[in-house]
Structures are given as structure tokens and as C-alpha cells.
Amino acid sequence: MRKLVSRRTFLGGSAVAGAGILLAACGTAAPAAVEEAPAAPEQKEAEAPKMEEATEIKYLHFSTQSDVWDNAYDGMFATFEEMNPGLKLKVDIASGSFPTSLTEKAVAAFASGVPYDVYYGWFGYLSQFYTAEMLVPLDPFLAADPDVNLDDFHEYALERIGGQAYGIAWFTNGKEYWYNADLIAEAGLKSPRELEAEGNWTWDAVLEMATKLTKTEGNRITRFGTQPYRFNRTGWFWIHLFAWGGAWWNEDFTAPTIDTQQAAEAAQNALDMVIKHRVAYGLTLGKEPNVEPDFTQQTVAGLITGSYFTRTIKAQIETQEEPFTVEHTLLPKGPAGRMAAQSINAKWISASATEPDAGWEFYKFAIGEDAIPFIAQLGGSRYAANKSIPPFTQYEYEDPEVYAQTAAMSVAHRQMVRQSELDTQWAEGWISLEEGKTTIQELLEETQKVAEVHLEEGGCVC
């Protein structure tokens, strides 16, 4: 930085006048007074120009506390501040169990009047924040900003409530089937990728493969053949619903469609994988004496997850002394085919914001091209929210065609405003189902009733 050098200060004045006065006091004629030169005006030391303080954006962030996560975000934050020298991020971090640690911190802060400008968001708790009136819509920002147009984004990447936009995804992901290719080769089986190429990658094929890959010692499961997902979570069970022709809601989102034959068949298939065939992780099987299912430790041979799983592969599999081969392919087909619902992360502008316009600038950065290199490190950018930004891959084991085909069959993840009520009902009901305390029909009927009540009370995220 260039130094500012102050000017030297000169003081004017003369001792001549003082000497004349002294001589006169002693009775001696004083010499004619010499006219004193006027003093030079005092010059003040030049001040350095004041630097305007940067506007602070208070952002509640979540960290997984992994190197790949924190390094990517550190780079993202630094780049934003470099591009916007008048803005500075004040990042408050929640860590631990996701999303509980973040939501609890956000809700407590809002209730006590502690402001944030922007929240780290995830579709799974949108309804909770909205019903607590913690969010403001993006429409006023969009109306004043010609650089952002909702038409530029895929519909599945937007969060709307009551016709207003609340979220634009910076991170989107479909779901794929990821598997341990070495275990499958050792068992002499065709890989899911090969079965997909033949048109034979179905849920029946998943069961057949998982049966051969599951290992037991007596009654103890030491390796699960598959871990499709947590069946007790609504955000995951849609995969089975779609595959059997079911859905949580009707087309115009005016009523739930849970109590149907298609949903019953989907639930039966999922339950059988856990209870009858004992090849898939379930709440009842994920306990002692069975092994803890962990793909990175090869106690699960295959699982359904998203492209964010590349972070885990990089951090926990590639660093092993003898890493195993990971591959992925499309979701398996069911009797009705298959479909992917995009799960998204969209930051939200807080209703407690003290600097909402500055927060919007950070928001725009997060959904723009300059953030893409950092989002890619987090396993994002495989599915672009913005139609003009092409998806890309980073690793040899990733098949870009898998992402392209999944994107083509993707739909928005549909929720009601009071989604948490449905999530709780389904989660608790599924536990009872696995424990044999309720039947599939009872679970579907009760879930249907809960969904009807809360959809009528709160409406939909649409």
C-alpha cells in the first residue's frame, strides 16, 4: 500500500520586536522598530483519505468440518469479497448434526432478535423456516435486478410459496446408484452399469445382486448387499413411489395420493428388502449384532446417493491404503419406470436482515458462474440450476451421461408448507412398520389423513 507523506509544518515569527521593548524599559532609545513579517498561516497535517467501511453481511453457514468442504467454502467466500470490495462476509458457523444444529441455531437467534442477512438453506427445512416467518421472498430483489431472471433456471431449481419465489438453488442433485465394482467383480456378477446397458437394471436385479453380495456369520449380517436409502424419510421414499407409479401428491397439488395400491406395492417391496430378505439396511437391522452399514468400509456393496458423495469418495476411499473401485449408474427401474426428484440447496434471505440488499449480492454470487468451481468441489455442478451453465464432472469414475439422463427425467421435489408434520408421521410410522406394530395399509391410511389436514391448513410449496 502506498504511504501518505504529510507536509512539513513551518512556524513564522521574530525576536526583533521583543528586543526593542526591553531597551525602551531601560530608558535607552530604542532603534526604530522593524516591521515584523506576517506569520505564515499554520498548515495542518494532511489527513489520509478515509476508507469507507465495508458493509457486513451476516451469514449463518453450515460446515461438515471436513477439509474438502471448508477449503471450498473458504475459496468461495474469499472470491466473493475480492469481487465485491465494499462487502464483507461475517460467517457464523453451525456444525454437528445436519440439519438440526443449524435449524436450532437459526430459530433461537430469530426468536431472540439476533439478526442474520442470509441463511444456508436446504429443501428439507424450508417449511419450518417459512412457517416461523423467518424468510422474505426474493421477488422485490428480482424486480429491481435485471441481471437475474427466473426463466433462466430449471423449474426444479426454484422454491415458490404462494406464487412468490423464496429460493433459487445454488446446488442441485438428483440421485444415482453407486456401487463397489470390485466386490461385484469378485462375485462374478454383471455390474449395474452393464445391466443398465442391457436394459435389465431393475429393482428385481437390485434384490438378486444384493442377495448374492450380502454376507452373514450365523444370524449376524457382516455386509449388506445394498443400502438404497432410509425408507423412513419422505425425501427418499419418493424413489420407490415413482418406480411403482405412486406419488405423494396429485398433479395439481390439491390432495395427497398416499393411500393407493401403487404406494402399497412400493412400501411392500422396500419392507421385504429389510425384513424378509435382510439384504438392505433398515432401522431394525442397523443395530447390534449386525455390522454398521458403511460403504467406505465395504460393509455395504451399493447405495443410492447423490453427486455430493464424491466428497466422501475423495476423503475416505481414495485415501485408503488399498482404495476400491467406485462406479455409478442410473436409478433402477420399477414396474412404472423411474424418475428423479431434484433435492436442492438454496440460500434464503432472512426476515431479520439488517443488510438485505448486500445479502442479495452474496445470493447472486452463489447462483452465478463464479461460484461454480467451488461448488464442483462439493460435489455440485453435475446438475446445473441455470439452464445456460453446462454440467460437468471431475473424476474418472463419474459418467457424465448418467447425470445427463438423470437430469432429463428429473422433476421438482414437491412439498407442502407444513412438510415437517408429514415427515414426522412417516418416519414414526415406518419404524412401527419395521417393528411389526402396524401394517402397510394402516401406515398409508394414517399418513394420508395427516397430509390432508396439513395441506389444507398450510398449502403447498409451489
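Which residue just after α3 takes a positive phi? Gly-113 does, at about 85 degrees. Helices (H or I, at least four residues) and strands (E, at least two) are DSSP runs, numbered from the N terminus.

## Basis of the model

This is a predicted model: local features need pLDDT of at least 70, side-chain atom pairs count only at pLDDT 80 or more, and totals for chains, interfaces and linings use all residues. Residues are numbered from 1 along each chain as its sequence is written, and side-chain values use heavy atoms, with hydrogens and water left out.

## The chain as a whole

The protein chain has 16 helices and 16 strands. Of its 462 residues, 48% are buried. Buried means under 20% relative accessible area, exposed over 50%, and partly exposed in between (1.4 Å probe, protein chains only).

The accessible surface is about 22,900 Å², and carbon and sulfur atoms hold 50% of that. Areas come from the Shrake-Rupley method with a 1.4 Å probe; for residues, only the protein chains shown count as cover. A contact means heavy atoms within 4.5 Å. Take the contacts between residues at least 6 apart in sequence: 75% of them join residues at least 24 apart.

## Helix α3

Helix α3 spans residues 100–111. Its twelve residues reach 16 Å from first C-alpha to last, close to the expected 16 Å. The expected span is 1.5 Å times one less than the number of residues.

Five residues of α3 are buried: Ser-101, Leu-102, Thr-103, Ala-106 and Ala-109. An α-helix has 3.6 residues a turn, so residues three or four places apart point the same way. The cover over the buried residues of α3 includes β1 (55–63), β2 (87–95), β3 (118–119) and α4 (126–131).

Two strands pair if DSSP finds at least two bridges between them. β1 and β2 are parallel, with nine bridges. Ile-57 has Leu-89 in β2 as its bridge partner. Between β1 and β2 the chain passes through helix α2 (residues 67–83), in a right-handed β-α-β crossover. Right-handed means that, with the strands pointing away from the viewer, the path from the first strand over the helix to the second runs clockwise.

β1 also pairs with β3, again in the parallel sense, over two bridges. Here Leu-60 stands opposite Tyr-119 in β3.

## The β6-β12-β14 sheet

Three strands make an open sheet with mixed pairing, in the order β6-β12-β14. β6 (171–173) and β14 (410–412) are the edges, each with a single partner strand, so one side of each has no neighbour in the sheet. The twist averages 40 degrees from one strand to the next. Axes are lines fitted to C-alpha atoms, for helices over the stretch in contact, and angles run from 0 to 180 degrees between N-to-C directions.

β12 (residues 340–345) pairs with β14 in the parallel sense, over three bridges. Gln-342 stands opposite Ala-412 in β14.

## Two loop residues

Phe-392 sits in the loop between α13 (372–377) and α14 (400–408). Its relative accessibility is 31%, so Phe-392 counts as partly exposed. Beyond four places in sequence, Phe-392 touches Ile-372, Ala-376, Ser-381 and Arg-382. Ala-376 is 16 residues from Phe-392 in sequence and 8.3 Å away in space, C-alpha to C-alpha.

Gln-227 lies in the loop between β9 (220–223) and α9 (234–243). At a relative accessible area of 15%, Gln-227 is buried. Leaving aside neighbours within four places in sequence, the contacts of Gln-227 are Tyr-281, Pro-293, Val-300, Gly-302, Leu-303 and Ile-304.
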